[in-house]
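Subject: Handing over a structure

Dear colleague,

I am passing on a structure that you have not worked with before, and I would be glad if you could look through it. It is shown just below.

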Amino acid sequence: MPTFHSFRLEAVILRHSDLGEADRLLVLFSAQRGKLRAIAKGVRKIPSRKAGHLEPLTRVILLLAEGRELPLVTQAETLEAYLPLRNDLEKLGQASYVIELIDRFLPEDQLPQPQLYALLTQTLERIACACDAWAALRFFDLRLLDGLGFRPRLFECVGCGAALRPQDQYFSFPAGGALCPKCGQEASGATPLSLNALKYLRYFQRASWEQVAAVQPSPAARREVEAFLHGYWSYLLERELNAPRILRQIQPGP
Ligand SMILES: [Zn+2]
């Protein structure tokens, strides 16, 4: 029976690192406590029954005991190992992108994150299945931007306030929204955004997953939307993400 200092948690393991001789530091994302760190003692000694359940990219149920500084893992059970992600380099790269964004943007603040946790696990499942992984990633991008308070403004110009007309526009990363051609040409560093890409972004922002999964953008539209979102994430992080660069190396060219 757990003591009152123990708690159960469902989480996805984002990453781990070695700690001392035999222990492992885990970084987890959970519905109940958002992102948190925990220590798994002795898991690098062989044999350890816990070790197999504590690999990155695994959805687990953990029993944790409050430690002096960080919680200690006392029991671990795998719910989902996402095997298709491990056996396919491209899927692994796509999953790493999702994990990296969650890891980089979410603070360790102990706040419940049920919606972002559901988004994370659903996105990993969509990448693992035969779904359109590109659509799954873009749906994830736009929902995560919403969840973090960075929802792009795509209907009015953030410069002059005018409703955007059906033509190619610009986007301002610092202002977090689209700029009309006049404001975009005057703003230094505004990113061009084609009408076609803007339409997809608007649709992905408001449509359900089933609707997003059903659209079939051209390769050129996919590249533009993806490059735009990677650019926005990189601006928000003030440094380039690792995963898109790795994905570019893995994915075959157009
Ligand atoms: Zn304007």
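Predicted model: local features only at pLDDT ≥ 70, side-chain atom pairs only at ≥ 80, totals over all residues.

Residues are numbered from 1 along each chain as its sequence is written.

The protein has nine helices and eight strands, where helices (H or I, at least four residues) and strands (E, at least two) are DSSP runs, numbered from the N terminus. Of its 254 residues, 35% are buried; a residue is called buried if 20 or more other C-beta atoms lie within 10 Å of its own, exposed if 12 or fewer, and partly exposed in between, with C-beta atoms placed from the backbone. Among contacts with a separation of 6 or more, 53% link residues 24 or more positions apart, a contact being two residues whose C-beta atoms, placed from the backbone, lie within 7 Å.

Helix α2 has 17 residues and reaches 24 Å from its first C-alpha to its last, close to the 24 Å expected at 1.5 Å a residue, where the expected span is 1.5 Å times one less than the number of residues.

Two packed helices are described by the angle between their axes and the distance between the axes. For α2 and α3, the axes come within 9 Å and cross at roughly 170 degrees; axes here are lines fitted to C-alpha atoms, for helices over the stretch in contact, and angles run from 0 to 180 degrees between N-to-C directions. The helices α2 and α3 are therefore roughly antiparallel to each other, since angles over 145 degrees count as roughly antiparallel, under 35 as roughly parallel, 65 to 115 as roughly perpendicular and the rest as oblique. K91, Q94, A95, V98 and I102 of α2 make this contact with L120, T123, L124, I127 and A128 of α3. By class, the contact has seven nonpolar, two polar and one charged residues, with Ala, Val, Leu, Ile, Met, Phe, Trp, Tyr, Cys and Pro counted as nonpolar, Asp, Glu, Lys and Arg as charged, and the others, Gly among them, as polar.

Turning to the strands, two strands pair if DSSP finds at least two bridges between them. Strand β1 runs antiparallel to β2, to which eight bridges join it, and it also runs antiparallel to β4 (residues 59-65), with seven bridges. In the hairpin of β1 and β2, three residues lie between the strands, and G20 takes a positive phi near 60 degrees. L9 stands opposite L62 in β4, while R15 stands opposite V27 in β2.

R15, which is found in β1, counts as partly exposed because it has 14 C-beta neighbours inside 10 Å. Leaving aside neighbours within four places in sequence, R15 is in contact with V27, P56 and D103.

Elsewhere, three strands form an open sheet in the order β7-β6-β8, with antiparallel pairing. Its edge strands, each pairing on one side only, are β7 (177-179) and β8 (191-193), and the twist averages 45 degrees from one strand to the next. Strand β6 (residues 169-172) pairs with β8 over three bridges, and F171 stands opposite T191 in β8.

Finally, two loop residues deserve a mention. Most residues other than glycine have a negative phi. Y82, in the loop between β5 (72-80) and α1, has a positive phi of about 50 degrees although it is not a glycine, and Q110, in the loop between α2 and α3, likewise has a positive phi, of about 65 degrees. Y82 is buried, with 20 other C-beta atoms within 10 Å, whereas Q110 counts as exposed, with 11 C-beta neighbours inside 10 Å.
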